[in-house]
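Please read them with the structure open.

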Amino acid sequence: MNEAAVEKPVVLQVENLTKFFGGLRAVHDFNLTLRQGDLAGLIGPNGAGKTTAFNLITGIYLPTKGSITFNGINLVGFEPHEITRTGISRTFQNIRLFNDLTVLDNVMVAFHPTSGYSLVDSIFTTSKFQRREKEIVEKAQELLEVMNLSRFQNETARNLPYGEQRRVEIARALACSPQLLLLDEPAAGMNPKEILQLMDMIHFVRERFNLTILLIEHQMRVVMGICEHITVMDFGEVIARGVPREIQENPKVIEAYLGKGAANAA
Amino acid sequence: MDFLPTVLSLVKIVVVIAYLYGLLWVLGVRVGKKITIGKQSFDISILVNALGALVAFFVVQLALTDFNGFSLLNAFDAGLLYQACTMVMVALGLNLIYGFNGQFSLGQWGFYGIGAYAAADVTYRWTNGDSRGLVVLGSGVVIGMIILVLINKALSNLRRMPVLSSFTLYLIGALFAGFLAVNVGRWVAPFLDPYLGNALGPGPLAEGAALQVVYFLAVVFAGLFAAGISFLFGLPVLSLGSDYFGIATLGFSIVIYTLMVNSDTVLPFPEMKGGRGMIGIPKLTTWAWAFGFMLLVIIIMRNLIRSSTGRTILSVREDEIAARAMGVDVASTKLLAFVAGSLFAGLAGGVYAHYIGFLSPGAFDFLVGFNPLIIIVFGGLGSMTGTIVAAFGWIFFLEGSLRELLGKISTEAPSWRYVLYPLSLLLLMLVRPKGLLNTEWGFLKARLIPLRRTNAQQGGTNHE
């Protein structure tokens, strides 16, 4: 297939997204277009509104203004769990695993919307229940194997090392069978070796699960290393867009990160 | 002093716990063989489990049977057994809400009271020649459920509807169902009443098997009625945070208590006799019913928790935001756990009312309502086995052994029970903060679907 010539279909289209918290303008006129298979980054200093933008896309906050279109469906007003069911799944900045559940159960929770049996089936443990439940277990175990987490399947999530917890969170997000994966600071708190593994893994899951990925990140080496497009935010506004090289040289970005004067010095 | 009764009562506790272990074990036995009858194939494990449960039932039934003046368990022990069964049901329901779903509820005792009074009213009226109780409660519950489901279907397309608006619609629906039920009762009751007998003696429908059926329906409808009330109450209140929810449910308990005290004046139920207490409830609860209802609740609870829905219930306890992001409808999951827990409490109330034969509002005071909470903390939050064992142990120790032992010292001494058990609770929290038993037994332990073993667990490199 001639990939360069064919414009890939737009997956996510965010237009004029604005969010006020009282008088505080957290996100203003935020626009973003993601095409099938993109690996895009969203960066900016602390408090720039990146996570707010994520929370708007995933329905945790209701936007003040603007539209979010996912595969042609306007998501504004959807409940978070409905948005997940349309095919957007996410991880969190501070890991939010179900700490007292096993790793396997953590992943299996995410199969609930597609479990395919009713409460009545489960109370009478019908053959449908047993068949579907077996499928869920198998799918979850397969996912854990892909993510190299099989040996932890019966471990309580809280007892896992930090890096593995991150992986479980991504496995859980993948279990929602998403089309678009949002990663909120996946490299936070990782050491350089773990970061390298993470970058490999992000590439791997994108190919393997045919995903579009948007990630928020502070670690410049991650963003510059793997993202194809980067959007930079500061004070709730987009100040720059482009490929990593352009962003690195953009004086506005340098100013936002290092302060006024830094751009001239550089 | 004669210490034999005390020693015996302690032995009974050990026997009861061993009995529970055996019961849960036999329910959990997996044979792994299938028999084929025609086109259908059955797992014979089910038959083994059913047989085991039957044996477990008959063992106790035999112990309760009077052989020429000798029975292994006396009437007092039978009472303890029935109390323990009802307590298991209430406590499992509360554990579902608090232990598994993380919503701190103090209102279960209120639902227990609703179930008790509703079921008692039905059979009391029935045995006194009035069928309206059963007809109105039954039709009300059925019509109400249909209406609630219809409203739910109609509202499912609306997004971000304020919870109070949907609550108002449900409330109107429920009131309408009640109105219809009263009218159904007015029409149907005259046809049934002649068969119920009069002051001279019971009619054909008010004795024997027919009365047992009415008792069963009364308890089930009372449970469903309590569940319906919990749905209406939980809908707006569950959207509050956990602590506020706890306070609101405490308020609910107090409201129910107050209504019970004034049931003959504020509510149109003169037969409940308000604060004086309702007397003359037919004592229909037998070991078969108590055991049967308890088993039903245990099985439903276990199958619910081990299902996909059960995992979502747990995930809401662990992290609501993450659960939401995983596609879990948090609001309806909370509501489901709350309604199911209240259903169990309502069923327990119905069984209790027909064992004790006398309902006084004092038994449903919210202070007594802390008992199931204490039991689930003793047994471990989120542990079904712990709850069951703690409920039996609690009843048999507190009301059995300790009363016996302290009774030896003086007639007033048994009151010290209420000093001793808070102290033991304190001690337990220091020694075993996760509860007395931190494991599940037999039936409650197994994952329903066996896992494929992984390389690491096999300790080798062979791939299965």
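1. Buried area is the accessible area (1.4 Å probe) that two parts lose on being put together, summed over both. By that count chain B and chain A bury about 3,800 Å² between them, with 59% of it on carbon and sulfur atoms. Arg160(B), Arg311(B) and Met326(B) supply 21% of the area that chain B buries against chain A, more than any other three residues.

2. This is a predicted model: local features need pLDDT of at least 70, side-chain atom pairs count only at pLDDT 80 or more, and totals for chains, interfaces and linings use all residues. Residues are numbered from 1 along each chain as its sequence is written, chains are lettered from A and ligands numbered from 1 in the order in which they are written, and side-chain values use heavy atoms, with hydrogens and water left out.

3. In contact terms (heavy atoms within 4.5 Å), 35 residues of chain B touch 49 residues of chain A.

4. The rule finds 2 salt bridges across the interface of chain B and chain A (a side-chain nitrogen of Lys or Arg within 4 Å of a carboxyl oxygen of Asp or Glu). Glu133(A) and Arg311(B) meet through their side chains in a salt bridge, at 2.8 Å from N to O.

5. Phe235(A) is not a glycine, yet has a positive phi of about 50°. Phe235(A) is exposed, at 66% relative accessible area (exposed is over 50%, buried under 20%, partly exposed in between; 1.4 Å probe, protein chains only).

6. Lys273(B), also not a glycine, has a positive phi of about 55°. Lys273(B) counts as partly exposed, at 22% relative accessibility.
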